[in-house]
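User: Could you take a close look at one part of this model for me, the place where its domains meet? I would like one connected account.

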Amino acid sequence: MSVVLGIETSCDETAAAVVDDTWRVRGSIVESSIDQHHHYGGVVPELAGRAHVTTIVPVVRAALAGAGLDLHRPAIDAVAVTAGPGLIGSLLVGLAAAKAYALAWDVPLLSVNHLEGHLFAPLLETPDLAWPVLTLLVSGGHTMLVYQRGPGEHEVIGETIDDAAGEAYDKVARWLGLGYPGGPPIDRLAGEGDAASLALPVSMTGEDLDFSFSGLKSAVVRAGEKRPDLARADIAAAFQRAAVEQLTRKLRRALERYEVAGVAIAGGVAANSALRASVAAIAAQYGIAAHVPSLAMCTDNAAMIAAAGISHLARGQRSDLAVSADPNWSLADVS
Ligand code: KG4
Ligand code: ZN
């Protein structure tokens, strides 16, 4: 049996987890510096990097302890670490730590793409899931549709041409004075508002599988400025309806072209209540499985990175100890 330690420090979360090749999560810890960033309307890279430096070793120690392992001599077969995309200063802290552990324990280092990690989240909750799977990967930095033949076998079939869905949530939330991150408060407010009170365009209604969110954000701001009488909850509800409508419309379109055994959502925006309900309904309609991960598995964590590492290890992939981080590492470039 293979056991991998995963380390994730691409943004504000300092995370470590131990996963084995039955996809069982033996220990997982996520610490976040998010409280330090609230006032700034986004993650401040300098603060995030400094927080990782002080948190990384205690987090790894705690994840290992959760798996019944000791920091000094753990029964670990490899160390997997996020090497991009993400904030460069943050990535480098996790990468340097992972190299030190790999050297000290004399085990291979596996550099993992953060987005590939997100694709493994559904598998950790449904280890026997049937392939292929169509995944809507929606986070603060990315929005894409991915066709997955099996673990680690993926093809990006659609992508945003401008902003990511989460970025649109964050920008609209900032404009509404709701703080950062914007997804959770908009999701909550949307439940109290009336989406019909504001007509917003649904972008990208063409035949392709790409997305666009910058026009929607601007439309919200324009409409809100024109109608100061509108309640924040109504604006949130109208925005959420248009955003989820665009995401699910493209998912349906992809389902007409690709025959799959299931659909999955992954990434921070997969925590969205409306998206979760819509994707489950679409899957039921097509008679296929819906993989809607728990909230903790949607947002950044290290179990998903360790799981991607398990797959790399099984394929004989190893990273050189001289490997660097790549803040713009594209999923399409992952071999
Ligand atoms: O995957 P993630 O934790 O970090 C990135 O890799 O980007 O995603 C964070 C994003 C943020 O933009 C946040 O506003 C969004 O996920 N998010 C949500 C919800 N919870 C988090 N967006 C919509 N609805 C939510 N409930
Ligand atoms: Zn993420």
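Analyst: Domain 1 and domain 2 bury about 1500 Å² between them, with 63% of that on carbon and sulfur atoms; buried area here is the accessible area (1.4 Å probe) that two parts lose on being put together, summed over both. Helix α3 (residues 114-125) gives the most to the side of domain 1 that touches domain 2, namely four residues; helices are DSSP runs of H or I with at least four residues, numbered from the N terminus. That side of domain 1 is made up of eight nonpolar, seven polar and two charged residues, where Asp, Glu, Lys and Arg count as charged, Ala, Val, Leu, Ile, Met, Phe, Trp, Tyr, Cys and Pro as nonpolar, and the others, Gly among them, as polar.

Please keep in mind that this is a predicted model, in which local features need pLDDT of at least 70 and side-chain atom pairs count only at pLDDT 80 or more, while totals for chains, interfaces and linings use all residues. Residues are numbered from 1 along each chain as its sequence is written, and side-chain values use heavy atoms, with hydrogens and water left out.

As for the domains themselves, the assignment, which is automatic or from a database, gives domain 1 as 3-119 + 299-333 and domain 2 as 130-296. Their centres, taken over C-alpha atoms, are 27 Å apart. The contact (heavy atoms within 4.5 Å) takes 17 residues from domain 1 and 19 residues from domain 2. Between the two domains there are zero salt bridges, meaning a side-chain nitrogen of Lys or Arg within 4 Å of a carboxyl oxygen of Asp or Glu.

How values were computed:
Chains lettered and ligands numbered in written order. Helix = DSSP H or I, 4+ residues; strand = E, 2+ residues; numbered from the N terminus.
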